[in-house]
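User: Could you walk me through this model? I'd like the fold before the details.

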Amino acid sequence: MGDMSTFTGSSEPAAPLSVATRWLDRVLLMEVAGEIELINAPRVESAIMEAFDERPAALILDFSGVTFLSSAGLAVLVRSRNRAGDDIAFRVVVDGPATARPIQLTGLDQEIEVFSTRDQAVAVDAGS
């Protein structure tokens, strides 16, 4: 992991990244941690698209553990929001400037439901 050599095209991402999913009733929670940059953004996107295929009532992306969100990562959010359409609630949890700032600067927080905690994002469904 400490080797900072150039990317060789292997399946090993250039930056550390983990993606884990779990169901909370009909809500699919996807926890993403690490850096979302050009090399590994497609991995995050394919995990999100696979999650949509499961037809959850809501998909919550928990980016609390994301330490860097590049423009490639922001583009993934835009495409994911578009893919969710009106059928699937799409929410993103951002905690800290590494994720909140790029989302705010690009105005994405006007297009995507953004929450500062996972509990807030999950609670939206509990009330209905």
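Analyst: What follows goes from the sheet to the helices, the cores and a few single residues. This is a predicted model, in which local features need pLDDT of at least 70 and side-chain atom pairs count only at pLDDT 80 or more, while totals for chains, interfaces and linings use all residues. Residues are numbered from 1 along each chain as its sequence is written, and side-chain values use heavy atoms, with hydrogens and water left out.

User: OK, in what order do the strands of the sheet come?

Analyst: The open sheet has 5 strands in the order β1-β2-β3-β4-β5, with mixed pairing. Strands (E, at least two residues) and helices (H or I, at least four) are DSSP runs numbered from the N terminus, and two strands pair if DSSP finds at least two bridges between them.

User: And which strands stand at the edges?

Analyst: Those are β1 (17–24) and β5 (113–115), and because each has a single partner strand, one side of each is left without a neighbour in the sheet. On average, neighbouring strands are turned by 20° against each other, direction ignored.

User: How do β3 and β4 run, parallel or antiparallel?

Analyst: Strands β3 (residues 58–69) and β4 (residues 89–93) run parallel and are joined by 5 bridges; Ile60, for instance, has Arg91 in β4 as its bridge partner.

User: Where do helices α1 and α2 lie?

Analyst: Helix α1 (residues 41–53) lies across β1, β2 (27–36), β3 and β4, at about 180° to β2, and helix α2 (residues 71–84) lies across β2, β3 and β4, at about 175° to β3. The angles, from 0 to 180 degrees, are between N-to-C directions of lines fitted to C-alpha atoms, for helices over the stretch in contact, where contact means heavy atoms within 4.5 Å.

User: Which residues of α2 are buried?

Analyst: They are Ala72, Gly73, Leu74, Val76, Leu77, Ser80 and Ala84, taking buried as under 20% relative accessible area, exposed as over 50% and partly exposed as in between (1.4 Å probe, protein chains only). Their cover includes β2, α1, β3, β4 and α3.

User: What caps the N-terminal end of α2?

Analyst: Ser70 does, with a side-chain oxygen 3.2 Å from the backbone nitrogen of Ala72. Just after α2, Gly85 takes a positive phi of about 55°.

User: Switching to packing, how many residues are in the largest nonpolar core?

Analyst: That core has 29 residues, and Ile36, Leu59, Phe63, Leu77 and Phe90 have the most contacts inside it; such a core is a set of buried Ala, Val, Leu, Ile, Met, Phe, Trp, Tyr and Cys residues joined through side-chain atoms within 4.5 Å. The largest share, 6 residues, comes from α1. A second, separate core of 7 residues includes Ala58, Ile60, Val93 and Phe115.

User: What does Leu77 touch?

Analyst: Not counting residues up to four places away in sequence, Leu77 touches Leu61, Phe63, Leu69, Phe90, Val92, Ile103, Leu108 and Ile112.

User: Which residues other than glycine have a positive phi?

Analyst: Among them are Asp25, with a phi of about 60°, and Arg55, with a phi near 55°. Asp25 is in the loop between β1 and β2 and counts as exposed because its relative accessibility is 75%. Arg55 is in the loop between α1 and β3 and, at 45% relative accessibility, counts as partly exposed.

User: And Asp62, is that buried or exposed?

Analyst: Asp62, placed in strand β3, has 3% relative accessibility and therefore counts as buried.

How values were computed: Polar contact = N/O pair within 3.5 Å; in protein donor to acceptor, adjacent residues only side chain to side chain.
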